[in-house]
Amino acid sequence: MDLPASEEPDAPAPPPGLRALLPSREFLCSSKGQLLLAESVLSFITFICYIASSAASFMMAPLIEFLLALFLFFAYSSKLNEKFKGIYWPLTDFLRCVTAAIIYFAISIAAVSKYSDGASKAAGVFGFIATIVFAVDFYITFNDLVMFLKQGGSENATEAQKSEDEASDSDSD
């Protein structure tokens, strides 16, 4: 019985091609991957709603947030954060989430209260949902930052304590 080439055990793996650009399944299943994907989708939907509304002056903020969320989505999924150590990625992500939540909250209030067309109202509602998603993301990122700083601070404190102990031992001799 002949097996197709894709089912043969000794068959070489197909070349990656465009599949190399797709994020891994484990990243998509992670909470960070799902949050970044939700942020990208909500920002894009909000952007489209603002384009179709009379509140088109607010369209730039969702566009920028969409592009930043998409960039970080692909940066984390392709592990650019491990390759480029010069950027402190969690702090960058935290600042992006904080500013996005504040901006989305402000423009959503303005879109819902000032404009009466349906697209502006929809953009405001999607903006409020995006505010919640960005707030959840910055809360999780903030907790990760605090844990990292506590670990880094305790290591620095023990090293400083050891050097002080060594200095006091040499002084007493």
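Reader: What makes the meeting of the side chains of Asp93 and Lys32 a salt bridge?

Author: In this predicted model, the side chains of Asp93 and Lys32 come together with N and O 2.1 Å apart. A salt bridge requires a side-chain nitrogen of Lys or Arg within 4 Å of a carboxyl oxygen of Asp or Glu, so the pair qualifies. The partners lie 61 residues apart, with Asp93 in helix α5 and Lys32 in helix α2.

Reader: Why is Lys32 called buried?

Author: Buried means under 20% relative accessible area, and Lys32 has 19%, so Lys32 is counted as buried.

Reader: What makes Arg96 and Glu39 a salt bridge, and where do the two residues lie?

Author: Their side chains meet at 3.0 Å, N to O, and because the limit is 4 Å, this pair is a salt bridge. Arg96 belongs to helix α5 and Glu39 to helix α2, 57 residues apart. Arg96 has a relative accessible area of 6% and Glu39 has 1%, so under the 20% cut-off both count as buried.

Reader: How do you know that Arg96 also forms a salt bridge with Asp93?

Author: The closest N and O atoms of Arg96 and Asp93 are 2.6 Å apart, which is within 4 Å, and the pair therefore counts. Both residues lie in helix α5, three residues apart, about one turn of the helix. Salt bridges with shared partners join Lys32, Glu39, Asp93, Arg96 and Asp137 into one network.

Notes: Residues numbered from 1 in each chain as written. Predicted model: local features only at pLDDT ≥ 70, side-chain atom pairs only at ≥ 80, totals over all residues. Heavy atoms only, no water. Helix = DSSP H or I, 4+ residues; strand = E, 2+ residues; numbered from the N terminus. Buried < 20%, exposed > 50% of the residue type's maximum accessible area, 1.4 Å probe, protein only.
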